[in-house]
Amino acid sequence: MSEVKTYSLAEVKSHNTNKSTWIVIHNDIFDVTEFLNEHPGGEEVLLEQAGKEATEAFEDVGHSSDAREMMKKFKVGELIESERKQVPVKKEPDWKSEQQDDNQLKQWIVPLILGLLATILYRFYFTQ
């Protein structure tokens with residue numbers, strides 16, 4: 001297994017043109033030069049972040065899992081240990097919870113009870 005190259009922010013800052021475009025996302029360094037013309041948001045978006053820490057801008061846009069997977073092929077290294085920032089771990093949403101099961105029960109019981117009550121009131125008032 002090959003060792004991951006490490007770079008300083010000063011080295012990354014020198015790659016801030018359309019001829020060599022590097023960005024830092026989550027302490028990983030990506031050479032996105034060849035992706036400039038393909039980026040759905042346009043090359044200006046990447047050039048604006050070129051040579052910089054771009055994690056916040058990347059996360060603010062809300063990139064898809066496909067975009068995150070595509071990034072891997074552009075990785076050229078990582079920031080040196082002393083310049084790394086704490087990367088918050090994103091917790092995946094838990095779509096299954098016990099509270100949701102309770103809400104599902106209420107979603108069909110309440111209309112059922114209201115329907116039965118309406119039926120009883122209708123029969124009582126209109127069948128006499």
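**Entry 1: order of elements**

Residues are numbered from 1 along each chain as its sequence is written, and side-chain values use heavy atoms, with hydrogens and water left out.

**Entry 2: confidence**

I checked pLDDT next, which is the predictor's confidence in each residue, from 0 to 100. The mean for the protein is 84, and 85% of its residues reach 70 or more. Among the elements, β3 has the highest mean pLDDT (94) and helix α5 (residues 98-126) the lowest (81). A note to myself: where pLDDT is low, the predicted coordinates should not be read in detail.

**Entry 3: the sheet**

I then traced the sheet. Four strands make an open sheet in the order β1-β4-β3-β2, with mixed pairing; two strands pair if DSSP finds at least two bridges between them. The edges belong to β1 (6-7) and β2 (22-25), each with a single partner strand, so one side of each has no neighbour in the sheet.

I looked at β4 (residues 75-79) in more detail. With β3 (residues 28-31), β4 pairs in the antiparallel sense over three bridges. Phe 30 has Lys 75 as its bridge partner in β4, and Asp 28 has Glu 78. With β1, β4 pairs in the parallel sense over two bridges, and here Tyr 7 is partnered by Leu 79.

Which residues here have a positive phi without being glycine? I found His 26, with phi near 55 degrees, and Asn 27, with phi of about 70 degrees. His 26 sits in the loop between β2 and β3, and Asn 27 lies in that loop too.

I also looked up their accessibility (buried means under 20% relative accessible area, exposed over 50%, partly exposed in between; 1.4 Å probe, protein chains only). His 26 is partly exposed, at 24%, whereas Asn 27 counts as buried, at 10%.

**Entry 4: what is inside**

Buried residues make up 26% of the 128 residues. I went looking for nonpolar cores, that is, sets of buried Ala, Val, Leu, Ile, Met, Phe, Trp, Tyr and Cys residues joined through side-chain atoms within 4.5 Å. The largest has 11 residues, among them Ile 23, Ile 25, Phe 30, Val 32, Phe 58 and Phe 74. A second, separate core of six residues includes Tyr 7, Val 12, Ile 29 and Leu 79.

Ala 54 is another member of the largest core. Leaving aside residues up to four places away in sequence, Ala 54 touches Ile 23, Val 24, Ile 25 and Gln 49; contact means heavy atoms within 4.5 Å. Across the protein, of the contacts between residues at least 6 apart in sequence, 67% join residues at least 24 apart.

**Entry 5: salt bridges**

I counted a salt bridge wherever a side-chain nitrogen of Lys or Arg is within 4 Å of a carboxyl oxygen of Asp or Glu. How many come out by this rule? The count is six.

Arg 84 is partly exposed at 30% relative accessibility. Through shared partners, salt bridges join Asp 28, Lys 75, Glu 78, Glu 81 and Arg 84 into one network. Lys 75 is partly exposed as well, at 33%.

I noted one more pair, Lys 72 and Glu 69, whose side chains meet at 3.3 Å, N to O. Lys 72 counts as exposed, at 54%.

**Entry 6: the annotated span**

Last, I compared the record with the model. The UniProt annotation "transmembrane region", from an unreviewed entry, covers residues 108-126; UniProt positions are in the numbering used here, feature names are shortened, and annotations may be inferred rather than shown by experiment. In the model this span is 100% helix and 0% strand, and its end C-alpha atoms lie 27 Å apart.

Methods. This is a predicted model: local features need pLDDT of at least 70, side-chain atom pairs count only at pLDDT 80 or more; totals for chains, interfaces and linings use all residues.
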